[in-house]
Amino acid sequence: MRTRVVVITIAAAIAAAVAFLAFDGGEAQRPTESLAPSVPPGAMTVAAAGDICTRSPSSCSATADLIERLAPDAVLALGDNQYEDGDLEEYEKSYDETWGRFKDITFPVAGNHEWHTPEAQGFLDYFDLTTYWYTSSVGPWRLYALDGSCDENGGCDEGSPQYEWLAGELASRSDRCIVAFWHQPRFSSGDTHGSHDELAAIWTLLDEAGADLVLNAHEHNYERFAPQGANGEPTPDGMVQIVAGTGGNPRSYGFDEPLENSEVRLGGFGVVELSLWNSGWTADFTRTDGRVVDSASGGC
């Protein structure tokens, strides 16, 4: 549950400048050390990205190598993990050769490309799952892995199987700090898919429960939003959404007119590295060469 205002560590002037950067142009600079929060000893680290492997392992080897250098405690695969259809043979020939080295610590969700295979069976088989949504923990944080392919999974509205499951899990939880993740973003300034209104009920449910972070992919770019409420309104104690469709797919997507709360928009490849502890978090967007080009932090 959120307990204090989220602190964005990137300087306001830099964030404003990023709004005018071309998709493949300049980048935000890493915040100065004086702006960066102190991560306490024992914090858990999580690496996350989506839109990962094409049929060639070389597409996603650079982000896999980056994750290996980051040595996280957990990995979030944010959907469209394996193109084109997410079948088991594709997973075994590409994803398994790269991101598969972290399989034992990976929490995956399916993307729309996984659903090209009936019932997203290749995704289920590769990760040895029996459901598209589930919950787990990383340290003191609760993870809610969800599915945003609402037309295929039985729906995302109130009364749908996923909604009712999530409502029950949130009502009975004991964890204070919450990360939720799925493929299609509720809000996006991207010029290819954009925002997904069909996920409004899921977003509202998480907001009412005091969730802290939401991670998505789908747009092949990076975007970070300021804290937002149930209807996308700016609010100091809202959820911070990060879109990171930056795992390796070489097809780049750009941006339309930025949504109101969009803070940073970047193209190219990279991985979000989260540090999580019992009262807060940091998030760094790290390029495959190790450069941190955006940072944010907050409490829970």
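Start by selecting Leu170: leaving aside residues up to four places away in sequence, Leu170 touches Tyr144, Ile178, Leu205, Leu206 and Ala209, where contact means heavy atoms within 4.5 Å. You're looking at a predicted model, in which local features need pLDDT of at least 70, side-chain atom pairs count only at pLDDT 80 or more, and totals for chains, interfaces and linings use all residues. Residues are numbered from 1 along each chain as its sequence is written, and side-chain values use heavy atoms, with hydrogens and water left out.

Next, color helix α6, residues 200-208 (helices are DSSP runs of H or I, at least four residues, and strands are runs of E, at least two, numbered from the N terminus). Its buried residues are Ile202, Trp203, Leu205, Leu206 and Asp207; buried means under 20% relative accessible area with a 1.4 Å probe, protein chains only. They pack against α5, β6, β7 and β9 (240-244). Just past α6, click Gly210, which has a positive phi of about 80°.

Now show the sheet. It is open, with 7 strands in the order β4-β5-β6-β7-β9-β8-β10 and mixed pairing; two strands pair if DSSP finds at least two bridges between them. At the edges sit β4 (134-138) and β10 (262-266), each pairing on one side only.

Zoom in on β6 (residues 177-181) and β7 (residues 213-216): these run parallel, joined by 3 bridges. Here Phe181 stands opposite Leu215 in β7.

Last stop: helix α5 (residues 161-172), which packs on the sheet and touches β4, β5 (141-145) and β6.

Methods: Axes fitted to C-alpha atoms, helices over the stretch in contact; angles between N-to-C directions. Buried < 20%, exposed > 50% of the residue type's maximum accessible area, 1.4 Å probe, protein only.
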